[in-house]
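Please examine the structure below. The report that follows treats its salt bridges, helices, sheets and surface in turn.

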Amino acid sequence: MERLSMQSYDVIGGNVAKIAALFPQCVTETAEKIIDSNGATRYESRLAIDFDKLREELSNEVLDEGEERYQFTWPDKRAASRLANESTTQTLRPCREESVDFDTTENLYIQGDNLDVLKVLRETYLGKVKMIYIDPPYNTGNDFVYNDDFAQGVDEYEQSSSARDENGNLITDPMQRNTESNGRFHTDWLNMIYPRIKVARDMLTKDGVIFISLDDNEVANMMKICNEIFGEQNFVGNIIWQSRTSISNDDEISTNHNHTLVYSKDRQSLTFGGDDIDENEYINPDNDPRGPWKLVPIDANHVGGDTNYPIRNPKNGVDYYPPNGRIWCYNKATLDSLMADGRIKFGLSDDSAPKRKLYLNERKATQSRRTLHVMV
């Protein structure tokens with residue numbers, strides 16, 4: 001007999017989900033107070049619409065602060081958010097004399113303020129870009145200068161602003177640079193990057209993805225920004241890559257890595273290609289009818305359940321336990337089933353700890369990418 005739901009369609013929940021799909025930064029967490037029939041009080045977490053942020057997406061008016069909520073904020077954040085939605089009067093001008101195969105090339109090289117350029121491109125490429133890679137200023141305090149709505153390198157800044165005289169002497173206030181002694185060290189960087197990330201998201205296809213390269217100085221803030229703009233559920237990974245091999249003795253710990261954050265427009269729609277599987281790792285010395293296989297461990301570092309028991313090798317009668325501090329991946333019943341199915345083998349020579357056969361035909365065509373990349 002088919003069971004009927006005794007609860008009607010959650011219209012409000014559905015509307016919240018629709019708004020979250022369009023404006024993930026406008027959905028936040030709140031606690032709802034519930035009093036049961038016995039008079040006991042409890043609080044349940046639920047999603048709610050941040051109407052202040054939603055109004056910002058639909059209006060250029062400055063709004064007053066609302067009630068306290070979980071949020072990531074800084075001075076001028078609302079202005080930075082509005083900046084992403086404002087139109088631009090700039091346009092693209094072709095430079096035929098500096099171009100190669102202007103009429104037939106499929107590539108574009110654009111020079112100008114990247115926020116204005118992104119806004120111009122958004123008109124044509126709204127929801128059409130499959131992949132975006134950005135390498136924003138790292139905000140080291142030396143090579144990032146923020147001025148209104150653009151960023152430029154120190155040399156370019158000093159040249160364009162006449163920061164030095166004809167003899168090379170610095171004549172402007174060096175505090176205009178974004179040094180750590182500046183009270184707006186992080187604020188200025190956040191106001192620069194926030195509208196650019198918002199516009200970039202608009203350009204991505206539903207299955208699109210963005211890669212953001214940066215270092216430790218702003219990676220935590222960038223993740224908060226992207227969690228807000230893309231939604232935490234669309235975080236794909238943080239690729240840690242070795243940026244240098246030399247050791248710096250200036251700090252207690254030498255920083256030899258940088259980050260590449262990866263976010264998707266819609267995680268459920270994203271298909272991510274991986275590394276090709278090395279089929280040479282798979283063999284079939286026992287002529288298993290299921291085809292080539294390789295051995296993989298069956299222990300894990302989780303705790304709990306009926307997963308710490310001896311596994312006896314039927315060939316030599318030796319009992320094997322999980323390594324110290326670890327457990328078996330399977331309970332006894334599941335392990336017995338795998339043993340009966342011939343999927344557990346005690347090493348290639350049947351004289352070592354138990355492992356599971358992983359068959360080539362059970363693998364996907366590719367294996368997942370790694371989050372750690374080291375120079376070789």
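The side chains of Arg96 and Asp103 are joined by a salt bridge (3.1 Å, N to O); a salt bridge is a side-chain nitrogen of Lys or Arg within 4 Å of a carboxyl oxygen of Asp or Glu. Arg96 is partly exposed, with a relative accessible area of 48%, and Asp103 is exposed, with 62%. In these terms, buried means under 20% relative accessible area, exposed over 50%, and partly exposed in between (1.4 Å probe, protein chains only).

The model is a predicted one, in which local features need pLDDT of at least 70 and side-chain atom pairs count only at pLDDT 80 or more, while totals for chains, interfaces and linings use all residues. Residues are numbered from 1 along each chain as its sequence is written, and side-chain values use heavy atoms, with hydrogens and water left out.

**Salt bridges**

The whole structure contains 22 salt bridges.

| Pair | N to O distance | Relative accessible area |
|---|---|---|
| Arg96 and Asp103 | 3.1 Å | Arg96 48%, Asp103 62% |
| Glu56 and Arg78 | 3.0 Å | Glu56 9%, Arg78 18% |
| Arg122 and Asp202 | 3.0 Å | Arg122 16%, Asp202 26% |

Glu56 and Arg78 form a salt bridge that links distant parts of the chain, since Glu56 lies in helix H2 and Arg78 in helix H3, 22 residues apart. Helices (H or I, at least four residues) and strands (E, at least two) are DSSP runs, numbered from the N terminus. Arg122 and Asp202 also meet in a salt bridge; this pair connects helix H4 with helix H6 across 80 residues of the chain. Arg122 counts as buried, whereas Asp202 counts as partly exposed. Elsewhere, Asp286, Asp288, Arg290, Asp341, Arg343, Lys357 and Glu362 are linked in a network of salt bridges.

The buried residues of H4 are Leu115, Val117, Lys119, Val120, Leu121 and Arg122. They pack against H3 and H6, where contact means heavy atoms within 4.5 Å. After H4 comes Gly127, whose phi is positive, near 70°. Gly127 is among the residues touched by Thr205, a buried residue with a relative accessible area of 14%, found in strand E6.

How far apart are the end C-alpha atoms of helix H7? They are 20 Å apart, which agrees with the 20 Å that its 14 residues (216-229) should span at 1.5 Å a residue; the expected span is 1.5 Å times one less than the number of residues. Among the buried residues of H7 are Val219, Met222 and Ile225. Their cover includes helices H2, H3 and H6 and strands E6 and E8. Gly231, with a positive phi near 95°, follows H7.

**Sheets**

Strands of a sheet pair through backbone hydrogen bonds, either parallel or antiparallel. Here two strands pair if DSSP finds at least two bridges between them. Five strands form an open sheet of mixed pairing, in the order E3-E6-E8-E7-E18. Its edge strands are E3 (129-134) and E18 (372-373), each pairing on one side only. Within this sheet, E7 (residues 235-242) and E8 are antiparallel over seven bridges, and Asn238 stands opposite Leu261 in E8.

Three further strands form an open antiparallel sheet in the order E10-E16-E15. Its edges are E10 (293-296) and E15 (344-345). E15 and E16 pair over two bridges, with Arg356 in E16 as the bridge partner of Ile344.

How values were computed:
Lists of a residue's contacts leave out its neighbours within four places in sequence.
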